[in-house]
Amino acid sequence: MRRIVTTLSIAGLLAPICAQGVAAQDRGDPDWYFVLAPYLWFSNLDGAVSLGLPPDDQVAGPYVVPVGDEKLERSWLVRAEVGKGKLRAWLNASGAKLENSTVFMLEGDPSDSTAGTYDFSWHTGELYAAYQVGAFTTTNAIELYAGARYMRHKQILTPSGDQATTIDESWIDPVIGSRFYTELGRRFWVTFNGDIGGFSVGSDFTWSIGGELGFRVLKPLDVSMRYNYQEIDYDNRKDGADAYRWSNGVQQGWFFGAIIKL
């Protein structure tokens, strides 16, 4: 949090210096452009609550695991984006992790439970191509995108007094979505995006929604705050020690980033 406050404070001090001649080149640029954006991410991994029902637990190997915590854990994300005119492509890579103590239940016998710990990690890689529809301006843009999302879930379960069980699952989902960008005056901008994927190719179904508020510090540098929510339904269709499924598993949280534009 101290780093975030420091970054935003520097941005505020530099703003008056750069008040003249700041040009928006995020959209409406006919030439080649490149964006690199590292983010510090405070994420939460949990199950979704719907219709007043408790979240669905994760099934990993022979155990039913109540994954989740209200704490936001420090995670990371990096985005690289390149484009020319109305066409652009971007790559996202991120990682989040949650470790906790809990009580496992045997899936075949819910009355049989044991205390233990879990060490759960969620890694994502995304590659998208987008095309801007409508007017080609610097202040607004609507983009349609499609691509693929790689996911890897690794769960290490350690029952008290017993050996650890490791489940390591990865898959690739097709994804389609849209993104909206608009300028809010000379220095502020926002983006909103939403997508759906899976379609029983990798996961059964996934959906994501997010929004980002950015502030232009210098012509090549912005700072931003972003919120993202992603929900998955996955089942590897296996039983026993190899089983892994999670209905309405959620990864969500806040990003604080620096956006470098070339």
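Glu183 and Arg216 form a salt bridge, with the closest N and O atoms 3.1 Å apart; by salt bridge I mean a side-chain nitrogen of Lys or Arg within 4 Å of a carboxyl oxygen of Asp or Glu. The pair links distant parts of the chain, 33 residues apart, with Glu183 in strand β8 and Arg216 in strand β10 (residues 205–218). Strands (E, at least two residues) and helices (H or I, at least four) are DSSP runs, numbered from the N terminus. Glu183 is buried at a relative accessible area of 13%, and Arg216 is buried at 0%. Here buried means under 20% relative accessible area, exposed over 50%, and partly exposed in between, with a 1.4 Å probe and protein chains only.

This is a predicted model, in which local features need pLDDT of at least 70 and side-chain atom pairs count only at pLDDT 80 or more, while totals for chains, interfaces and linings use all residues. Residues are numbered from 1 along each chain as its sequence is written, and side-chain values use heavy atoms, with hydrogens and water left out.

The structure holds 18 salt bridges. Another of them joins the side chains of Arg27 and Glu143, at 2.9 Å from N to O. Because Arg27 lies in the loop between α1 (2–14) and β1 while Glu143 belongs to strand β7, this pair ties together parts that are 116 residues apart in sequence. Arg27 is buried, with a relative accessible area of 6%, and Glu143 is likewise buried, at 2%.

Asp204 and Arg237 make a further salt bridge, their closest N and O atoms being 3.0 Å apart. Asp204 sits in the loop between β9 (188–197) and β10, and Arg237 in the loop between β11 and β12, 33 residues apart. Asp204 is partly exposed, at 27% relative accessible area, whereas Arg237 is exposed, at 57%. Salt bridges that share partners also join Arg27, Arg79, Glu81, Arg88, Glu143 and Arg179 into one network.

I turn now to the largest pocket. Which residues lie nearest its centre? They are Tyr39, Arg79, Glu81, Arg179 and Glu212, out of 40 lining residues. The pocket holds about 670 Å³ of space. A pocket is an open set of points on a 1 Å grid over the protein atoms alone, where a 1.4 Å probe fits, with protein on both sides within 12 Å along at least five of seven lines; lining residues have an atom within 4 Å of a point. The volume is the space filled by probe spheres set on the points, which are joined across faces, edges and corners. By class, the lining has 17 nonpolar, 10 polar and 13 charged residues. Ala, Val, Leu, Ile, Met, Phe, Trp, Tyr, Cys and Pro count as nonpolar, Asp, Glu, Lys and Arg as charged, and the others, Gly among them, as polar.

Finally, the nonpolar core. Such a core is a set of buried Ala, Val, Leu, Ile, Met, Phe, Trp, Tyr and Cys residues joined through side-chain atoms within 4.5 Å. The largest has 29 residues, of which Val65, Val67, Tyr118, Phe120, Trp122, Leu157 and Tyr244 touch the most other members. Strand β1 gives the most to this core, with five residues.

Leu157 is found in strand β7 and is buried, with a relative accessible area of 0%. Leaving aside neighbours within four places in sequence, Leu157 is in contact with residues including Tyr63, Val65, Phe104 and Tyr118, where contact means heavy atoms within 4.5 Å.
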